[in-house]
Amino acid sequence: MKLKMMRGLLAALAIVGCTVCGGPGYQVRTLSSGKALRVLGVARMNLPDGGPTLVLQYQTDIKMDDQAALKKEAREIWADFKADVESANLASAILSANFAPQQASGQMDQIYNFAYVKDSSGAWKCSNDQ
């Protein structure tokens, strides 16, 4: 199951990554923690081999190499987004952190994803925590 999810996640990342290239079109949402979140989009996707999932794309100011801060931010977002996933009656979700493009460096947009899957006991697990 884990391998199937990761294959599906890679396919989804290619699709999700291509949809964000247009520039700074986001909506600011306030999380229950009080943090302002720049939401680029929310979409339901069907992963090949993984079934339906809900994807939340957001823009972050955290550096890509600061894994601890990215995980902390994802947990904070997940605390609110989990309710949306459950109300959609889905058992998987992806939080997609999009890093602000560095215009001067000519770098392409970069993303870091957190994949959440509900196990048979009903508990949510993040693949990035393993």
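L54 sits opposite A93 of strand β4, with strands taken as DSSP runs of E at least two residues long and numbered from the N terminus. The model is a predicted one, so local features need pLDDT of at least 70, side-chain atom pairs count only at pLDDT 80 or more, and totals for chains, interfaces and linings use all residues. Residues are numbered from 1 along each chain as its sequence is written, and side-chain values use heavy atoms, leaving out hydrogens and water.

Strands β3 (residues 51-60) and β4 (residues 92-99) run parallel, joined by 7 bridges; pairing takes at least two bridges found by DSSP. They belong to an open, mixed sheet of 6 strands, ordered β1-β2-β3-β4-β5-β6. β1 (27-30) and β6 (124-126) are at the edges with a single partner strand each, so one side of each has no neighbour in the sheet. From one strand to the next, the twist averages 35 degrees.

T53 is also part of β3. With 0% relative accessibility, T53 counts as buried (under 20% relative accessible area, using a 1.4 Å probe and protein chains only). Its side chain has a polar atom 3.0 Å from the backbone oxygen of S92, and a polar atom of the T53 side chain lies 3.1 Å from the backbone nitrogen of A93. Setting aside neighbours within four places in sequence, T53 is in contact with residues including A43, M45, L90 and I94, where contact means heavy atoms within 4.5 Å.

Helix α2 (residues 67-87) lies across β2 (36-47), β3, β4, β5 (110-118) and β6. A helix here is a DSSP run of H or I, at least four residues long.

Technical notes. Axes fitted to C-alpha atoms, helices over the stretch in contact; angles between N-to-C directions. Buried < 20%, exposed > 50% of the residue type's maximum accessible area, 1.4 Å probe, protein only. Polar contact = N/O pair within 3.5 Å; in protein donor to acceptor, adjacent residues only side chain to side chain.
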